[in-house]
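Here is a friendly briefing to read with the model open beside you.

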Amino acid sequence: MNKTSASTTSASIPPAVPPSAKKPVGQRIKEFVTDYKRQWEIQSMVLPGIIFMIIFCYIPIYGLTIAFKNYTVIDTLSTAPWVGLDNFRIILSDEYFWDAVINTLGISFLKLGIGFIIPIILAIMIYELNMGRFKKFVQTISYLPHFLSWIVLGGMLITWFSTSGLFNELLLNLGLISKPSNILLDAGKYWWIATLSDIWKEAGWGTILYLAIMAKIDPTYYEAARIDGAGRLRQIWNITLPNMKAIISLNLILTVSGLLGSNLDQTLVLMNSQNREKAEVINSYVYRMGMTQGDFSYATAVGLGVSIVSVILLLMANKVTSKLNDNQSVL
Amino acid sequence: MNRKVIREDLDSRIFDAVNKVLLVCFMVIILVPLWNVIISSLSSGRALAEGGFIFWSKEFSLENYRAVFNDSTIGQSFVVSVAKTFLGVITHVFFCAMIGYGLSKRYIRGRKLYVAMGVITMFFSGGMIPTYLLIKSLGLLNSFWVYIIPALFSYYDVVILMNFFRNVPDSLEESAKIDGAGDWHIFLKIFIPLSMPAMATIALFNGVGQWNDFMTTKLYITDQALYPLQMKLYEIIVQSQTQSMQNIGGSVVIETTTKGVQLATIVITTLPIVAMYPILQRYFISGMMLGAVKE
C-alpha cells in the first residue's frame, strides 16, 4: 500500500527523489550486475577486501551467538543447544568476575585520574620550550618507550623491581626502606604498578596529538596577551588550554568508553600467583575462562556483556562532554 | 613601564628554568631505567645476584649474550620474527592499498555498502573466543600463516591510503586510460610509486605492530618452532619468575642465569626497533596527521 503511493508520487515529481529510488528492485539488480561486469577490473581490487571482512570480521560477530548457547568442544556452532540468557545469569553471581570488574575499574580510574592529565601538562611544557634542539631531543626520548612491547617492558619491570634491582637500590640509597623487597609480589601495590608503568610508556606518545593542535594556535594571541601584561602561566590558562578543549574532550570520551577494557599484554606479563587477586582484569578473566578452561560460551558472554556496557559508557560520555562544550558533539 | 618589563622578563625566565628542570627530570626517569637494563645485560651473573648498582656494573661480562647465542631456539625465534614482520608488512600494505585504490573511485558500484561494511569493522568485533573458533575452523592454528592472513586488512589503513590516492590529480589516470591502460596497470605503475610516503608510514607502524605482537602467538600457536622473539621472551620471563619464587633461599645461580638470559633477550628483541627509530620518527608524526585527516 505504502509502497505504491510512494512510487506514484515520485513518478509525478521526478526531481525530488533520486532516480534510483523509483526503479523496481529487479531492474536495479540487473543494472548493478551490468555495471559490476563493466567495472570488473576495479571491482576485482575491492572484492578480496569484502571477502576478508565477511570471513574475519562478520563471521566472528555472528559467532557471538555462542554467548546464548551451551557450546562445548564436541559441538559445532550450529549443533550447540540454545540456553537463552543462562550464561548472563551466571555472570551476576560469579564473584571472580566481580573481583575482575573491581580491579579493572580501579586500574582504569587511576589511569584516567593521573594518566590523562600528564600528557596534557607534558605537551604544554614541550610547547613552551623555545630551544629547537632541546625540544627535539625531549620529543625523541619521550616517544621512545611507546615502541617497546609490553613483553619487553614487563621483563624490564621485573628486573627493576627484583630485590637486587634498580628500584630497591634507589630506595635503599635514599634511605626510604631498610630491606629490599619485590613489590611485584605485593598484591596491594599492583594497581599502582600497572598504572605508573603504563604512564611511563605512553605519556610521551600521548603528547603528539596535543602538540599538533597547539602548533595551529595563532601566535598573535600570545603577543597580544603579553602586551596586556599576562604572564606565561596566564597565557597557558587563557590561550593554550581553551584551544585544546575539543581534542581533550574527544580523548576523554575515548578514555571513558575504554574504562572496562584493559591491557591484556600488560596483565599477562605482570600477573603472578602472588598478585593475581589484584591483577586479574576482565580481559584476562575472559582469556582464562575461554582459552585455559575451555568454557567458550561463558567467556563469550562475559566479553559481550562488557562491550555492550562500554558502548553505553561511550554514548553517556559523549552526552556529558557535549553539554560542557556548548552542545557541540565532538563525536 | 621599564620596571614592569624587567619583572615580566624575570618571571618568564623563572618559568623557562623551572620548565627545563622538570623536563630534564622527565628525561632522567625515562633514560636511567633503560640504561640500567643495558648495563645489567652486560653484567656477570655474580654482579646481577649481588645487585647494588644503577649506572655502572660491578663486573662486566658477555656471558649472557653468549648464552643467548648458544641457545638455538632463540635464533630460530629471531628468524620467525623477521620473517613474519617482513612478509606481514608487505602483504598488509599491498592488500590495503589495493582496496583503498578501488574505494577511492567514487563511481565504483556498491561503494556505499563497502564503506559501511568497513566502518562497522572499526567499531565491532566478535572478540577473543569467536575469533579463536574461526581461526581454528580455518585450520590456521599452529600455522605460520596465522601471523599473515588475519593481519592482512585494517580498514583504518585502507581509509588513510584511500584519502592519499584521492589527492593524486585525475589527469594522470585519464591520460593513461586514453593510452589504453587498465585499472590494474594504472594502480601498479602510477599510483603505487606516487604514494610511497603514505605506504611507508603504514608499513612502519604495521612493522612495529608485527614485531611487538605477542597475543597472536599466545592464542593460536603452541608449536615452539613458530614462536617469535616476543613469545620466547615471555616464556623466559615466566620461567625466571617461577624460579625466583620457588628459589627463595635456594640456589641463586640458576636464577641469575635465567635473569641474565632474560636481560640479553630483552636487549636483542628491542634492538631492531631502536635501529629503525630514526626512520620511524621521521614518519610517525606525518602518520598521526594522515590519521587525523580522516576525522
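Between domain 1 of chain A and domain 2 of chain A there is 1 residue pair in polar contact, with both residues at pLDDT 80 or more; a polar contact is a pair of N or O atoms within 3.5 Å, where within protein one must be able to donate a hydrogen and the other to accept it, and residues adjacent in sequence count only if both atoms are side-chain atoms. On the side of domain 1 of chain A that touches domain 2 of chain A, the residues are 4 nonpolar, no polar and no charged. Here Ala, Val, Leu, Ile, Met, Phe, Trp, Tyr, Cys and Pro count as nonpolar, Asp, Glu, Lys and Arg as charged, and the others, Gly among them, as polar.

This is a predicted model, in which local features need pLDDT of at least 70 and side-chain atom pairs count only at pLDDT 80 or more, while totals for chains, interfaces and linings use all residues. Residues are numbered from 1 along each chain as its sequence is written, chains are lettered from A and ligands numbered from 1 in the order in which they are written, and side-chain values use heavy atoms, with hydrogens and water left out.

**The two domains of chain A**

- Chain A splits into domain 1 (24–68) and domain 2 (88–324), with bounds that come from an automatic or database domain assignment.
- The C-alpha centres of these two domains of chain A are 39 Å apart.
- Contact (heavy atoms within 4.5 Å) joins 4 residues of domain 1 of chain A to 6 residues of domain 2 of chain A.
- The two domains of chain A bury about 460 Å² between them, 80% of it on carbon and sulfur atoms; buried area is the accessible area (1.4 Å probe) that two parts lose on being put together, summed over both.
- L64(A), I66(A) and A67(A) supply 84% of the area that domain 1 of chain A buries against domain 2 of chain A, more than any other three residues.
- The count of salt bridges between the two domains of chain A is 0, a salt bridge being a side-chain nitrogen of Lys or Arg within 4 Å of a carboxyl oxygen of Asp or Glu.

**Where chain B meets chain A**

- The contact involves 92 residues of chain B and 88 residues of chain A.
- About 8100 Å² is buried between chain B and chain A, and carbon and sulfur atoms give 76% of that area.
- In chain B, F15(B), R109(B) and I129(B) lose the most area to chain A, together 8% of what that side buries.
- There are 2 salt bridges between chain B and chain A.
- R109(B) forms a salt bridge with D35(A), whose closest N and O atoms are 2.4 Å apart.
- Polar contacts between chain B and chain A come to 21 residue pairs, both at pLDDT 80 or more.
- Helix α1 (residues 2–41) of chain B gives the most to the side that touches chain A, with 20 residues; helices (H or I, at least four residues) and strands (E, at least two) are DSSP runs, numbered from the N terminus.
- That side of chain B has 61 nonpolar, 20 polar and 11 charged residues.

**Spans from the UniProt record**

- An unreviewed UniProt entry lists "transmembrane region" spans in chain A, including 236–260 and 296–317; positions follow the numbering used here, feature names are shortened, and annotations may be inferred rather than shown by experiment.
- Residues 296–317 of chain A are 100% helix and 0% strand, with end C-alpha atoms 31 Å apart.
- For chain B, the unreviewed entry's "transmembrane region" spans include 78–101, which is 100% helix and 0% strand, with end C-alpha atoms 34 Å apart.
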